[in-house]
Amino acid sequence: MTDLQTAVVFGSGSMGSGIAALLASTGVKVHLLDMPADGPDRNARARAAVDLQLKRGGFFHKKFAANITVGNSEDDLAVVADAQWVIEAIFENLDAKRSLYAAIAPFLGPDTVLSSNTSTIPLAKLSAELAQEHRSNFFITHFFNPPRVMPLVEVVAATSDAPLMGWLIDVIERQLGKSVLICRDTPGFIANRIGNFWMAVAARIALDSGIDPEYADAVFSKPFGIPRTGVFGLFDYIGLQLVPDVWRSLHNTLPATDALQKYNVVEHPLFTGLIERGLTGRTGDSGFYNGPDQVIDSTFEYRPKRQVTIPTDLIQLVTSNDYARQVFVETLRYCCDHAHDIANTIADIDAGMELGYSWQRGPFALADAIGVDTIVSLFDDNPPSLLLEAVAAGGFYQAFSSDSPAKAESGEVLATSPAATLTRLPSGIGVLTITTKLGIITTDVLAALNTAAESDLRGLVITSNDPKAFSAGAELSSLVTGGKGFIDIGVSVYRKLQFAPFPVVAAVHGITLGGGAELMLHADTVVAHVDTKLGFPERSVGIFPGWGGVVQHLIRHLEAGTKNPHQAVFDFAMSAARLQTAFDAQDNCLLRPSDRIVASRKHLRDMAIQVATELAADYRPPVEQSIPLYQGQPLNRAVTGEVADVKVGQCLAQLLTGDGELAETEFSKKSTELAFEAISNPANAERAKAVATGIKRS
């Protein structure tokens, strides 16, 4: 499918500007429009919003801010005519949204998607006054805040066969890197229908029962697998100024019999008083909390937070703590009562809370973990019928899950072990999946990589099944005990991959450090998820990157024409810095301009296979290079401090310094010798052993 190239976003609040920054970060040319400001700069609102996104890290990289053109909704409506996607992200008011749609309708093309970022208002109400030719292209695309970070986008369509729905979902998932949850056209959709109810119940029961905010947040955070913000901290994070619009919209839209009506936070005096005083949480000076140590009281004065002691075991907490029991029972009852109305499966409800609210497990999965027999005993009377069916079946997912098991990957398994699996796809492309925790590179992983390098393949993709990491680096205990032998094996295997007779593609994500980053650097091409964390932390362990990462990093700096490339490589290795995005890695020559950076973790592996297939068509293995050595003032002239650091600096400087040039093979030999010399130094060996065994250094 074709990529999204042009878009218009109306509304430059935190959501609108955040969506614009996300789109711009994926190469989309975006017009961000808001109401005209008073004064000479009528685009001041949108301009200030872009500046705020730059400060908050809303872009993948600051350079993408150039993809946004700011404007206003009076002077610049005509830009809609050139847009493939128009997103409305103004405040939650039905009349205001309908008025905006009427203003932009004359500029909409027959294949232009128009969508609303509403979090509560049903599609049928929003589109009621749209002309028929625009209704089929109208959707709800509900992003979560902040759009740069949160993975969920809820999508509502007028019909399941809406002409542009497939294209829109592809753009959101593949290009923007989000997870789409198809929702029914009901108030609040899935995540906010359940999430807002849970927040309202937890807040009102706490406030009405005299329970401190810090106590409520301690209960509904770590024990339940909920982020540490808890409930009141989450209100602060969202911004209390949004509570009247969002929650009142739900109250007004839902029937009087809906259980949410019993838990009105909009009219509670503590909420209204905080908003009146401008104490709106993250968007103000303070909110329920003032910094990490103070919390509001009923007189709107801040007091020190009280110490909270609660059971850490979830079952014990739910069965012994009345507040935990009340809130969870009410939330689960609400989920049971409305599951069939708002979602296709209970898994969709759990996904909404996991992706939209960052719960580790959704409410039904939590109930199964606690045990449905235990859960039903917590209900005073009249447990919901859905729960009774789950009890009879032995759990919610035993009774109701319609999720089909994952399909086994097609292809021939060439080798498998607890550390890695090598599969050859029908196309001849091999996929080596590292299966150790955090992709740690053990001797078994090195053996699997060696097998892959020697296999009959058209190409090879190296990836990891750990959701947090491609590879956090070499196993330190093997380095400590194996010494030079372990270093030698790593160098040999990595060079074998580098000069393999087929293309090697590294599909990297998450933590990619040390030996993991060095593995990546020996691939022909890298396909990197945008949030890949890259770096060489070896200096903090008492060594430098000893598996050829230094020379590969130097080659990339030389290709880029970096001024003083040897010093740049030396300084980066000595910094032990961890770069936060793939674009930062590109700035630092750990990734080449030709390497692919993708927003979608879900599509990372498939993209890498596609790249390997393309490279295999006319692949020629690389030719060994001769690398110029450094001559000049000592590279390590500024290194002082601990003996171990000084030794690493000396060895690394010695590796990069000399007369003339050095072939890669000789460079690798020299690197191995100096890496072993560094780790053999008593201070360095002591540091490495302390890190490997978890001993805290004094």
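Which residues touch the most other members of the largest nonpolar core? Here are some notes on this predicted model, starting with that point.

1. **The main core.** The largest nonpolar core has 103 residues, and those touching the most other members are W198, F224, F235, F288, Y323, F364 and F396. Helix α7 (residues 191-209) supplies the largest share of this core, with 12 residues. Both domain 1 (6-185) and domain 2 (191-400) give residues to the core, so it lies between them. As general background, nonpolar side chains in soluble globular proteins tend to be buried together.

2. **W198 and its neighbours.** Leaving aside residues up to four places away in sequence, W198 touches F220, I226, G230, V231, L234, V327, T331, Y357 and W359. W198 also belongs to an aromatic cluster, in which ring pairs link it with F220, F224, Y323, F328 and W359.

3. The protein as a whole is divided into domain 1 (6-185), domain 2 (191-400), domain 3 (408-536 + 579-622) and domain 4 (538-576 + 625-697). Between the C-alpha centres of domain 2 and domain 3 the distance is 42 Å.

4. **An aromatic pair to look at.** The whole structure contains 21 aromatic pairs. One of them is F235 with W247, a tilted pair with 5.2 Å from centre to centre and 45 degrees between the planes. F235 sits in helix α9 (residues 232-238) and W247 in helix α10 (residues 243-253), with the two 12 residues apart. F235 counts as buried because its relative accessibility is 1%. W247, at a relative accessible area of 2%, is buried as well.

5. **Arginines over rings.** Two contacts of this kind are worth a look on screen. R277 lies over the face of F300, 3.7 Å from the ring centre. The charged end of R282 is placed over the ring of Y237, at 4.2 Å from its centre.

6. **The annotated region.** An unreviewed UniProt entry carries the annotation "domain: 3-hydroxyacyl-CoA dehydrogenase C-terminal" for residues 188-290 and 327-378. In the model, residues 188-290 are 50% helix and 2% strand, and the end C-alpha atoms of that span lie 30 Å apart. Residues 327-378 are 81% helix and 0% strand, with 11 Å between the end C-alpha atoms.

Note on methods:
Residues numbered from 1 in each chain as written. Predicted model: local features only at pLDDT ≥ 70, side-chain atom pairs only at ≥ 80, totals over all residues. Heavy atoms only, no water. Core = buried A, V, L, I, M, F, W, Y, C linked by side-chain atoms within 4.5 Å. Buried < 20%, exposed > 50% of the residue type's maximum accessible area, 1.4 Å probe, protein only. Helix = DSSP H or I, 4+ residues; strand = E, 2+ residues; numbered from the N terminus. Domains from an automatic or database assignment. Contact = heavy atoms within 4.5 Å. Phe/Tyr/Trp six-rings, centres within 6.5 Å; stacked < 30°, edge-to-face > 60°. Lys NZ or Arg CZ within 6 Å of the ring centre and 35° of its normal. UniProt positions renumbered as here; feature names shortened; annotations may be inferred.
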